[in-house]
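Please walk me through this protein model. I would like to know how its parts are placed and which side chains pair up.

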Amino acid sequence: MTSFVSSLLTEEYRERNYVYPTHAIDKRHVDELSWEEFVLRYLCGNRPVIIEGLVRTWAAREWTVDYMHDHFGKVCAPVVNCSQADFPCKEQTVASFIASWRSRSPSSSSSS
């Protein structure tokens with residue numbers, strides 16, 4: 001881990017650079033918040049809000065690695081190797097990335 005990234009994780013850095021809200025953060029349920037009110041009050045007002053119940057109906061909750069492979073395997077996407085200092089980026093298919101990821105995961109190496 002680089003020293004810059006390490007410094008981001010220190011409590012002192014977080015305390016020095018976090019902007020604390022001057023008001024309480026609203027908590028709203030998705031069924032009681034219209035799109036128009038969200039845009040006017042929170043988005044345009046640049047105010048944070050916690051929206052409860054938002055993800056309960058998202059189809060993505062059911063996505064697995066196999067689902068991603070089967071539905072998006074042929075799609076090319078940029079992949080960055082963050083363990084290297086210069087963060088090299090290359091294009092790779094989702095299927096190729098998943099295969100590479102699975103070959104490096106501890107569970108795949110223990111089953112061999």
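Trp58 lies in the loop between strand 2 (49-52) and helix 4 (65-72). Helices (H or I, at least four residues) and strands (E, at least two) are DSSP runs, numbered from the N terminus. The model is predicted: local features need pLDDT of at least 70, side-chain atom pairs count only at pLDDT 80 or more, and totals for chains, interfaces and linings use all residues. Residues are numbered from 1 along each chain as its sequence is written, and side-chain values use heavy atoms, with hydrogens and water left out.

Trp58 has a relative accessible area of 46%, so it is partly exposed. Buried means under 20% relative accessible area, exposed means over 50%, and partly exposed is in between (1.4 Å probe, protein chains only). Together with Leu54 and Val55, Trp58 makes a nonpolar surface patch of about 270 Å². Patches are made of residues with over 30% relative accessible area and no salt bridge; like charges are joined within 9 Å, and nonpolar side chains (Val, Leu, Ile, Met, Phe, Trp, Tyr) within 5 Å. The areas come from the Shrake-Rupley method with a 1.4 Å probe; for residues, only the protein chains shown count as cover.

Val55 also sits in the loop between strand 2 and helix 4. Val55 is partly exposed, because its relative accessible area is 39%. Val55 and Val30 are 25 residues apart in sequence, and their C-alpha atoms are 9.3 Å apart in space.

Now step back to the whole chain. It has six helices and four strands. Along the sequence they follow the pattern α-α-β-α-β-α-β-β-α-α. Of the 112 residues in the protein chain, 11% are buried. The accessible surface comes to about 9,300 Å², and 59% of it belongs to carbon and sulfur atoms. Consider contacts between residues at least 6 apart in sequence: 25% of them join residues at least 24 apart. Contact means heavy atoms within 4.5 Å.

Next come the charged pairs. Side chains of opposite charge can pair when their charged atoms come close. How many salt bridges does the structure hold? There are six. A salt bridge is a side-chain nitrogen of Lys or Arg within 4 Å of a carboxyl oxygen of Asp or Glu.

Glu52 and Lys27 form one of them, with the closest N and O atoms 3.9 Å apart. Glu52 is in strand 2 and Lys27 in strand 1 (residues 26-29), so the pair ties together parts that are 25 residues apart in sequence. Glu52 is partly exposed at 35% relative accessibility. Lys27 is exposed at 54%.

Asp31 and Arg56 form another salt bridge, and here the closest N and O atoms are 2.9 Å apart. Asp31 lies in the loop between strand 1 and helix 3 (35-43), while Arg56 lies in the loop between strand 2 and helix 4; the pair therefore ties together parts 25 residues apart in sequence. Asp31 is exposed, with a relative accessible area of 60%. Arg56 counts as partly exposed at 42%.

Asp66 and Arg102 also meet in a salt bridge, at 2.5 Å from N to O. This pair links distant parts of the chain: Asp66 is in helix 4 and Arg102 in helix 5 (residues 94-104), 36 residues apart. Both counts fall in the middle class: Asp66 is partly exposed at 44%, and Arg102 is partly exposed at 32%.

Turn to Gln92, in strand 4 (residues 89-93). Is Gln92 buried or exposed? Its relative accessibility is 11%, so Gln92 counts as buried. Its side chain makes a polar contact of 3.0 Å with the side chain of Ser96. A polar contact is a pair of N or O atoms within 3.5 Å; within protein, one must be able to donate a hydrogen and the other to accept it, and residues adjacent in sequence count only if both atoms are side-chain atoms. Beyond its neighbours within four places in sequence, Gln92 is in contact with Val75, Cys76, Ala77, Val79, Phe97 and Ser100.

Cys76 is partly exposed, with a relative accessible area of 47%. The structure holds zero disulfides. A disulfide is a pair of cysteine sulfur atoms within 2.5 Å. For Cys89, the nearest cysteine sulfur is that of Cys82, 9.7 Å away. Cys89 is exposed at 52% relative accessibility.
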